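Here is a short report on a ligand site and its surroundings. Please keep the model open while you read.

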Amino acid sequence: MSDHNGRTPAEGAFLVVLATRNPDKIREITAILRDARVEVADPADLPRWDEPLEDGETLEDNAYIKAKAVYDATGVPSVADDTGLEVDAIGGAPGVRSSRYSGEGATYESNCAKLLSDLGETSARSARFRTVVATAGLDDAGIAGGDFDVDGVLEGEISSERRGSGGFGYDPVFVPNGSDRTLAEMTSDEKNAISHRGRAFRKFAAEFSRRLDAS
Ligand code: IMP
């Protein structure tokens, strides 16, 4: 159990709370951080937090908004990610608006359907996922350099139809470069090894470890 300043001395790990209630993200991030020097707190052990309004102009803004809201509510250093899908043929949309691309009450299915319909038969289907990971509370916890952000990118193409049942979000319509399968046709380990989120959180873990050693 932590003393709530972020440290768990018994294991030498550092307690953080993931600033999300999305079970798909929690599952992926916990797996990616398996060998990192952080222990992911169980939100059930912490004060409840209200989801902040993600009204930033950039993925960086929104990641900081989420991390700060959860740190302020729980007192535990927080790590947030914000992800956008940028599709070149539609000017980089849906980007920072990826979760509500198909409007009020958008679902993973309705967002994928709108994207396939917007692209139609075009052969220009290049796209990328970008994840930004940001922290809040590391300054107060005395970590060298304090809060920081990193990102991870996965280049690929939008398929012509949905394929696969793994992953979440736009995974059934995204084919990473060098693959003939969508992310939803991969195992979770395969996705995490190459994904935007995997890359961003591995960068986070390496940078965090460096700062922990310098603290
Ligand atoms: P968020 O703002 O980081 O929660 O992500 C915005 C939206 O992007 C989500 O609602 C999902 O539809 C989509 N998304 C985020 N991460 C992924 C992913 O790893 N694969 C596919 N879609 C994703």
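## Terms and model

A pocket is an open set of points on a 1 Å grid over the protein atoms alone, where a 1.4 Å probe fits and protein lies on both sides within 12 Å along at least five of seven lines. Lining residues have an atom within 4 Å of a point. A molecule sits in a pocket if more than half of its atoms lie within 2 Å of its grid points. By that test, the ligand takes the space of the largest pocket.

The model is predicted: local features need pLDDT of at least 70, side-chain atom pairs count only at pLDDT 80 or more, and totals for chains, interfaces and linings use all residues. Residues are numbered from 1 along each chain as its sequence is written, and side-chain values use heavy atoms, with hydrogens and water left out.

## The pocket

The largest pocket has a volume of about 680 Å³, the space filled by probe spheres set on grid points joined across faces, edges and corners. Its lining has 29 residues, and N22, K25, S98, S99 and Y108 are the closest to the centre.

β4 (78–87), α3 (108–119) and α5 (196–214) each supply at least two lining residues. β4 gives the most, with 4. Helices (H or I, at least four residues) and strands (E, at least two) are DSSP runs, numbered from the N terminus. The lining holds 8 nonpolar, 11 polar and 10 charged residues. Here Ala, Val, Leu, Ile, Met, Phe, Trp, Tyr, Cys and Pro count as nonpolar, Asp, Glu, Lys and Arg as charged, and the others, Gly among them, as polar.

## The ligand shell

Polar contacts are pairs of N or O atoms within 3.5 Å. A polar side-chain atom of K25 lies 2.6 Å from a ligand oxygen. A polar backbone atom of T83 is 2.8 Å from a ligand oxygen. For an N or O atom in the K191 side chain, the distance to a ligand oxygen is 2.9 Å.

## A cis bond

Most peptide bonds are trans. The bond from A93 to P94 is cis, with omega near -5°. P94 is found in strand β5 (residues 93–95).

Key
Polar contact = N/O pair within 3.5 Å; in protein donor to acceptor, adjacent residues only side chain to side chain.
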